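Let's take a walk through this structure together. Have a look at the sequence and the fold first, and then we'll go through some spots one by one.

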Amino acid sequence: MKLSVKEAIEQRRAARSFSLDPIPEDILAKIFRLGVLAPSGFNLQPWRFIVVREEENKQKLRACAFDQRQITEAPVVLICCGDRRVNNPDYIENVIQLGQEAGAMNDKYANSMRSAIPQLFQHHPCFESREAWTNRHTMLAVAQIMIVAQSLGVDSCPMEGFVTAQVKEAFNIPPEVDVCCLLPLGYAKEPLKQYGGRFQNEKIFFNETFQEDIVL
Ligand SMILES: Cc1cc2nc3c(=O)[nH]c(=O)nc-3n(C[C@H](O)[C@H](O)[C@H](O)COP(=O)(O)O)c2cc1C
């Protein structure tokens with residue numbers, strides 16, 4: 001790693017412009033691998049990423065993204081998606097098998113997953129919509145990808161400025177897969193956008209209930 005986690009978090013800025021330099025394959029693979037070590041409910045890992053590198057496809061994506069130039073300048077753009085189909089029994093078995101291979105899954109937990117996951121998606125007591133659920137998870141992985149990338153000297157720009165229906169059609173994304181954000185990755189052209197500041201902890205953390213101020 002070039003930067004510590006603290007340094008990567010402090011130095012990350014949403015890059016609005018990228019140089020032509022490509023990201024070495026081994027660095028990209030490392031970013032992807034570490035990024036998807038993010039947590040997920042039942043370890044379902046619903047995030048899916050379309051890796052866009054071809055000029056023609058970047059142009060197509062830019063046209064769905066209000067013509068934002070980061071899309072075509074960055075050497076790699078991820079279309080970050082969340083797949084709602086993770087409650088499919090075959091998929092649940094895959095997750096169970098993964099846990100078994102890692103030595104982290106006993107029969108009792110496997111059986112509880114087989115019944116709890118379909119129920120979670122049928123009654124959804126923990127989320128209002130499946131789209132909220134896929135977004136909840138995918139954006140965690142996206143955040144981790146951004147920090148890992150930064151630690152390896154690679155800049156990024158999370159983007160919600162795109163028309164979902166257009167992206168889904170242009171990139172053959174199934175109806176049950178939600179597009180959560182776009183993420184150009186590459187090397188920012190100087191000067192970087194300036195740090196825009198963050199609220200003090202006292203404004204955004206609360207003590208025990210939402211009504212009570214905290215002293216930190
Ligand atoms: C979910 C999300 C969507 C965003 N969408 C866009 C976007 O479409 N275009 C853009 O240039 N920046 C976008 N940004 C970047 C923000 O403008 C940027 O993160 C914010 O101003 C704070 O700046 P910093 O990330 O450099 O600290 C987005 C950020 C997030 C988290």
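**A guided look around**

Let's start with Phe66, which is exposed, at a relative accessible area of 57%. (Buried means under 20% relative accessible area, exposed over 50%, and partly exposed in between, using a 1.4 Å probe and protein chains only.) Before going on, a word on what you're looking at: this is a predicted model, where local features need pLDDT of at least 70 and side-chain atom pairs count only at pLDDT 80 or more, while totals for chains, interfaces and linings use all residues. Residues are numbered from 1 along each chain as its sequence is written, and side-chain values use heavy atoms, with hydrogens and water left out.

Back to Phe66: you'll find it in the loop between helix 3 (55-63) and helix 4 (70-73). (Helices, H or I with at least four residues, and strands, E with at least two, are DSSP runs numbered from the N terminus.) Its phi is near 50 degrees, a positive value in a residue other than glycine. His124 also has a positive phi, near 30 degrees, and isn't glycine either. His124 sits in the loop between helix 6 (107-123) and helix 7 (130-151), and it counts as partly exposed at 31% relative accessibility.

Now for the inside. Pick out Ile173: leaving aside residues up to four places away in sequence, Ile173 is in contact (heavy atoms within 4.5 Å) with Ile50, Ile79, Cys81, Val167, Lys168 and Val179.

Finally, which residues are closest to the ligand? They are Arg13, Ala14, Arg16, Gln68 and Arg198, out of 13 that surround it (a residue is near a molecule if one of its heavy atoms lies within 4 Å of it). By class, this shell has 4 nonpolar, 3 polar and 6 charged residues; Asp, Glu, Lys and Arg count as charged, Ala, Val, Leu, Ile, Met, Phe, Trp, Tyr, Cys and Pro as nonpolar, and the others, Gly among them, as polar. A polar side-chain atom of Arg16 lies 2.6 Å from a ligand oxygen atom, and one of Arg13 lies 2.8 Å from an oxygen atom of the ligand.

Conventions: Polar contact = N/O pair within 3.5 Å; in protein donor to acceptor, adjacent residues only side chain to side chain.
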